[in-house]
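I opened the notebook to record what I looked up in this structure, one entry per topic. The notes begin with helix packing and move on to the chain contact and single residues.

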Amino acid sequence: MRTKSVLPIIGRILMMIAISMVAPILCAYYYGEKEIVIFFISMVLTFITGYLLSKIRENDDGLRLIEGLAVVSLGWAIITAFGALPFYLTGTLGYIDAYFETMSGFTTTGASVINNVEILPKSILFWRAFIQWIGGMGIIVLAIAVLPALSVGGMQMFAAESPGPKLDKLKPQMRETAKLLYGVYLIFTAAQVILLMIGGMNLFDSTCHTFTTLATGGFSTKNASIGYYNSAYIDAVVIVFMFLSGANFMLHYNLLRGKFNYFKDREFMFYLAVVMGAILLMTLDLTYNVYGNIIDSFRYASFQVTSIITTTGFATANFDIFPSHSRIILIVLMFIGGCAGSTGGAIKNIRVLIILKYLYREIYQYVHPNAILSVKVGEETIQEDILKDVMAFFIGYIIIFVVATAIVAAYGIDMITAISSVAATQGNVGPGLGLVGPTTTYAALPVFVKVVLTFCMWVGRLEIFTVMVLFIPDFWKE
Amino acid sequence: MRVKPVLHILGQLLQIVGLSMILPLLWGIYYREAESWVFVLCILITFLFGSFLKLVFEEEDIRLIEGFGVVSFCWLIIPLFGSLPFIISGNLNFIDAYFETISGFTTTGASVINNVEILPKCILFWRSFTHWLGGIGIVVLALIILPALSIGGRQIFLSEPSGPKLDKLKPQVREVGKIIYSIYIFFTLAQIVLLVLAGMSLFDASCHSFAALATGGFSTKNVSISYYNSPLIETIILIFMFLGATSFSLHYLALKGKIKSYIKDSEFLLYVFILGIATTIVTLNLRYQLHENLLLSFRHAIFNVISISSTTGYASTDFNLWPDLSKLVLLLLMLIGGCAGGTAGAIKVIRILLLVKIGLRELYRMIHPNAFFSIKFNGKIISEEILHAVSGFYIFYMITFGVCSLIMLGLGNDFLTSISSVATTMGGVGPGFNLVGPMTTYSYLPGMAKILMCFCMLTGRLEVFTLFVLFIPDYWKE
C-alpha cells in the first residue's frame, strides 16, 4: 500500500467533515449556546489537518484496489477521531467515550455512552444526529460503488462491471452514482422532516430523528427514544422510513426514475417476508403475554421489529423485558440486518438468502453426486467465486463475534450482555439486552470493553475484511 | 436409494448389538440381580429381529448413496433396541429410554436419570457399554465411511479417491477396522487396569473406561468423577479422554513405533495448543475468582477443559458454579470439539484450522487480487472442493445450532440452558449449564425438548449433512 496516495484523499474527506461542522455552528448560533466556540475550534483543527494531508504529493500511478481498502478503513477511523472533538472539547465525554460515541455515529450504530441526553446543549445533540446522517451517506456509496469494486464479502455481484486492477476507472462512475443516490437521500430526508412535523414534533427534534432514521442509526434527542412521543402516527412515520432505509437504495433510485422494481427484487421480497413474519410472530406473543390486545401488540411489534432488522435501534418499548420468544426474534434479526445497498448493517438479507440456497444445494448434491448444480437468486446464477466470498464473510463475521464476546465476557460482564452487546455493535444496531438494553446505555461498561465494542462497530460496518486486512503485514508493504 | 440392502446391513448390526447384551447379562448373574431376565429377553428380541432382517433382505452391493441410509438408519434404529433394557426393566419411559440410549450410542453422555446409584448394576453396565459400542462405530464412521461419502470435507483423510461404489472400500474397511478395534480394546484394558490399581472397583473401573475412551461421559455415580475426589483417578481418566479425542490413526502409527507422527500432525498440535490456552485462562480465572489456590484451580481447570473439549462430559467439580468467563471458554470448547479421527464430536479441530486459513486467504486475496493462493495441511495442498465442503459444514452446523437454540428458548428454557444444551448435545459432550449442568440431568426438560435433544445428538454425531440428505425427496427414488 502506498500511504502517499491514501492520505490526500483522507485529507479531502476531512475538509468536507470540517465544512459540515458549519451546521452545528449555525445551530449553536440560533440557540445562543456557548458551544459555538468549541465547534469553531474543532472545525479549524479538522480543516487544517485535512488541508495539510491533501497537500501531500500524490503518486502518479493512481489508486489501486489495495489503496481503496486503506482509504475506507483508515478513513473511517481517522474521521471519527476528529468528529469526536466537539464531544471531548465541550467536556461532555472523556476521549475514549467521545470516540465510542462518534464511531457509533459514523457507523450509524446508535450505541450511546450518554446517560442523559436531554440535558445536553442542542448543538451537541444536533452534531450527534448529523454525523449519523453523514455516515449514512458514506455507507450508501460504500455499499453501492466501493465495496463491489473491492470484491468484499461477495458484494461484487452488485458491481456494474468487473473492475480492473485500478480504481481510477471507477471514479467518474462513482461520482455519477453518488449524486443520484444523494438525491434520493435528500428527498427522503425532506419528506420525513415534514411528516414528523405534521405529527407535532418540533423542527429540531424532527430533523435530528430524521437524520438518524434514514441512516438507520438510532440516536435520539430523548432518553426514552421514540417512546417519548407515545404517538401512533409518529411511530408509523418512523417505521416507514426505517423500512425504506433498510432496503436497497438502487431500488428507490429506480422508483424515482419511474421504474417500480421492488417486487422483482428477490432480496427485497426476502426482506419483506422476514419483516412480516417477525411482526406476525411477535404480535401474537405480545398479545398473549404483555398487552392483551392485538392493536397495541401490533403497533409495538412492528416498531421494534423494523427498528432492529434495519439496525436502527430506536425503541418505543423496553424490549429487554419482553417475553423470551420476542427477544429471540430480535436477536435473530440483529444478525440478519438490512439489504445490501442500504444504510442497514449486519450480515444482510442477500447473504442470508444465498447461504440458505447454497446449503440446500450442498445437501442436494449428495443425492446427485454427478450433477452440476448452480445456486440461483431469481434468474441470476451466483458464481462460485461469489459463493466462496459470501461464505468467507459469514465465517469471518462469526469468528469476530465469538472472539469479541469472549473478550467482553473476560471482563466479568454477564453472558447475555456480552453476547448481545457484541451482536448489537457488530451489526450496527445499537441497543442490546441486559446491561445494554434499550433503556440503558453503554456508559457503565469498563473502558477496554468500550474499545473492543468500538472496534466491533468499525469492523462490522466495513464488512469485516476491509478492516481485518490492515492486520496483514503484507498490506503495509509499498 | 434401495432400502433392501440397507436393511440387510442393519440386520447384521442388530445381531452384534444383541450378542453384546450378553456382557451386562453376565454382570447381572454375577450380582444375582432380578433384572437379568430382562437382558435375556432383550437379547432374544434384538438378535432374532436382526437375523430376520438379514434373512429376508438379500445382501447386495451398496452404492455410495445408500451409505447415507445405512449410517442414518442404523443410528436411529439401533438405539430403539438398545433402549429395550431400560423400558422393560421399568426404569424409564419410552422417550427417556430412547434419549438415554441415543446419548449412549452417540457417546454424548447426556442423561435423564436423576439417581443412577440406585439402578441395578447390569443396567448401569449396559448404559456405559452403549458408549463403548458407539465409540467403535464412530471411529470407523470417522475414518472410513464419512470420508467415502465426502461429508464436510472428510475426504481429506481418504487414502485414495473412492469410486462411485462403496464396496471397493469393504476389504479396506475390514483391514483398518481390525487395527482400530485392537487399539481400542488395548486402551480400554489398559485403563481398566490403571483405574483398579488407583482404587476403583472392577465394575466402576470398566464402566468409566468405556465412557472415557468413547468420550461419552456416563458415570456410575451421581456426581460423576468428583465422587472419588482423587487426583490420581482424574489424571488417568484425563489421559484416556485425551487419547480418545485424538486421531486413532496417529495412535496406530505410534504403536508401530512412529511416535514422531504426533508432532508432525498440525491438527494434533493445534488441539494441544487450544487445550493449553483454555486451561491457562480457566486456571487463572478460577484462581482469582473462586478457589484462591493455584494448584486446585489448575487441577479442576485441566480436567474439565479436557473433559469438555474431548466431548466426554465428566466433571471433577460443578463447573456450573464457575465464573462466566470460564463457562464461556467451556462453551466454545463444546463447539470446537476434538480431532477428526477420534471419538470426539462437534466441529473438530481440523475444520477450525482450515476455516482460519480460509479467512486469512481471503485477506491475502484482497491485498494481491491477481495471485493464486492454495491452502495446505500437513504439507499437502487442500483442494477447493474440500474447502468448500468445510465451509458448508461449518455454516450448516452453526445454523442448526442457532435454530435449535431458538427452539429451546421457544420451549420456555432460559438463555444459558438453551444455548448450552444444544451446543453440548450437538457436540456430543453431555452436560451444559444451568438446568442441564453437570450435577443435574435432562429429566426436567419437557418431552418436546428431549426429542429435539435426540435430534441434536444425531445430527451432530452424523456430521449434519448425513441426516439432512434423508429429507430430500429425490433421495428416496430407487
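**Helices H2 and H3 of chain A.** In this predicted model, I looked up how H2(A) and H3(A) run relative to each other, and they are roughly antiparallel. The axes of H2(A), residues 22-31, and H3(A), residues 36-54, come within 9 Å and cross at roughly 165 degrees; since angles over 145 degrees count as roughly antiparallel, I kept that description. I noted the crossing of H2(A) past H3(A) as left-handed. On the H2(A) side the contact is made by A:Pro24, A:Ile25, A:Ala28 and A:Tyr29, and on the H3(A) side by A:Ile36, A:Phe39 and A:Phe40. When I sorted the residues of this contact by class, I found seven nonpolar, no polar and no charged.

**Helices H6 and H18 of chain A.** I then turned to H6(A), residues 95-106, and H18(A), residues 447-461, which pack at an angle of about 25 degrees with their axes 10 Å apart. Angles under 35 degrees count as roughly parallel, and H6(A) and H18(A) are therefore roughly parallel to each other. Their crossing is left-handed. From H6(A) I listed A:Ile96, A:Tyr99, A:Phe100, A:Met103 and A:Ser104, which meet A:Val447, A:Lys450, A:Val451, A:Thr454, A:Met457 and A:Trp458 of H18(A). By class, I wrote down eight nonpolar, two polar and one charged residues for the contact of H6(A) with H18(A).

**Where chain A touches chain B.** I looked up the extent of the contact and found 37 residues of chain A touching 34 residues of chain B. On the chain A side, the elements that give two or more residues are H4 (65-83), H14 (324-336), H15 (349-367), H16 (384-410), H17 (415-426) and H19 (465-468). The largest share of that side, 11 residues, comes from H16(A). I also noted its make-up by class, which is 30 nonpolar, four polar and three charged residues.

**A:Ser5.** This residue is found in helix H1 of chain A, residues 3-20. I counted A:Ser5 as buried because 20 other C-beta atoms lie within 10 Å, and 20 or more is the cut-off for that label.

**Helix H9 of chain B.** I checked the length of H9(B), residues 202-213, and its 12 residues should span 16 Å at 1.5 Å a residue, which agrees with end C-alpha atoms 16 Å apart. Among the buried residues I noted B:Asp204, B:Cys207, B:His208 and B:Phe210. Just after H9(B), B:Thr215 takes a positive phi of about 50 degrees.

Are B:Thr107 and B:Asn229 buried or exposed? I placed B:Thr107 in the loop between H6 (94-105) and H7 (121-149) of chain B, with phi near 55 degrees, a positive value in a residue other than glycine. B:Thr107 is buried, with 34 other C-beta atoms within 10 Å. B:Asn229 lies in the loop between H9 and H10 (231-245) of chain B and has a positive phi of about 45 degrees, although it is not a glycine. With 11 C-beta neighbours inside 10 Å, B:Asn229 counts as exposed.

Note on methods. Residues numbered from 1 in each chain as written. Chains lettered and ligands numbered in written order. Predicted model: local features only at pLDDT ≥ 70, side-chain atom pairs only at ≥ 80, totals over all residues. Axes fitted to C-alpha atoms, helices over the stretch in contact; angles between N-to-C directions. Helix = DSSP H or I, 4+ residues; strand = E, 2+ residues; numbered from the N terminus. Parallel < 35°, antiparallel > 145°, perpendicular 65-115°, else oblique. Left-handed = near helix turned anticlockwise from the far one by under 90°. Contact = placed C-beta atoms within 7 Å. Nonpolar A, V, L, I, M, F, W, Y, C, P; charged D, E, K, R; others polar. Buried ≥ 20, exposed ≤ 12 C-beta atoms within 10 Å, placed from the backbone. Expected span 1.5 Å × (residues − 1).
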